[in-house]
Each structure stands twice: as structure tokens, then as C-alpha cells.
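Opening my notebook on this one. I want to go through the pocket, the helices and a couple of loop residues in turn.

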Amino acid sequence: MREGVTLEHLIDILKALPEGDVELMTHPGHLDDSLRAVSSYAEPRPRELALLLDPAVRRLIDEQGITLISFAEL
């Protein structure tokens, strides 16, 4: 997710997904000094994690019939 992404933006993305396999690339994570030391994209990670775990996102995933898989399953 790009910096500044909102819950509304994520929901819009999920609603507009085409049929078939789609990769939604994100960088969720917990922020600590180790991450800050190695990543230029450290600060937004906790926000991305919170958005991905939001119950509204999970409800929409279920409503849209989206199946979550790992990259290894492709």
C-alpha cells in the first residue's frame, strides 16, 4: 500500500479487483528500531497492518468471495 492509504481506499481497491489471481502488495509490520535501521519504508507499516486487520476489510473480503492465498500457492 502506498503511504497515505486509508480504509476507504483499500475498500475501493478490493471492490474493483478483476476476476482471477491478483497480487495486493503490502508491507505490514510492527515498528521498532531494527526495522527503522534497515527500511526506508518503516513508518507506514503499522498503519498498513491495522488496515489489513480491520474487521470491515475482512467482511468485504468474505462478501466479495475473495480467497486469500500465499504467493507460494500460485
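**Pocket and helices**

I checked which helices contribute to the largest pocket: α1 (7-15) and α4 (55-64) each give at least two residues to its lining. Helices here are DSSP runs of H or I with at least four residues, strands are E runs of at least two, and numbering starts at the N terminus. Before going further, I note that this is a predicted model, where local features need pLDDT of at least 70, side-chain atom pairs count only at pLDDT 80 or more, and totals for chains, interfaces and linings use all residues. Residues are numbered from 1 along each chain as its sequence is written, and side-chain values use heavy atoms, with hydrogens and water left out.

Next I looked up the pocket itself. The largest pocket holds about 810 Å³ of space. A pocket here is an open set of points on a 1 Å grid over the protein atoms alone, where a 1.4 Å probe fits and protein lies on both sides within 12 Å along at least five of seven lines; lining residues have an atom within 4 Å of a point. Points are joined across faces, edges and corners, and the volume is the space filled by probe spheres set on them. I found 24 lining residues, with Leu17, Val22, Ile66, Thr67 and Leu68 nearest the centre. By type, the lining splits into 14 nonpolar, six polar and four charged residues. Nonpolar covers Ala, Val, Leu, Ile, Met, Phe, Trp, Tyr, Cys and Pro, charged covers Asp, Glu, Lys and Arg, and the others, Gly among them, are polar.

**Whole chain**

I count four helices and zero strands, in the order α-α-α-α from the N terminus. The C-alpha atoms fill a box of roughly 40 × 30 × 15 Å along the principal axes. Of the 74 residues, 23% are buried (under 20% relative accessible area; exposed is over 50%, partly exposed in between, with a 1.4 Å probe and protein chains only). Among contacts (heavy atoms within 4.5 Å) between residues at least 6 apart in sequence, 53% join residues at least 24 apart.

Which residues of α1 are buried? I get Leu10, Ile11 and Leu14. They sit on the same side of α1, because they cover an arc of only 100 degrees around the axis (the arc is that of the directions from the helix axis to the C-beta atoms). Glu8 and Lys15 are exposed on the other side of α1. The cover over the buried residues of α1 includes α3 (45-52) and α4.

In α4, I list Val57, Leu60 and Ile61 as buried. Down the axis of α4 these fall within an arc of 105 degrees, so they line one face of the helix. Pro55 and Glu63 are exposed on the face turned away from that buried side. The buried residues of α4 pack against α1 and α3.

**Two loop residues**

Ala16, in the loop between α1 and α2 (33-38), counts as exposed at 59% relative accessibility. The C-alpha atoms of Ala16 and Asp33, 17 residues apart along the chain, are 36 Å from each other.
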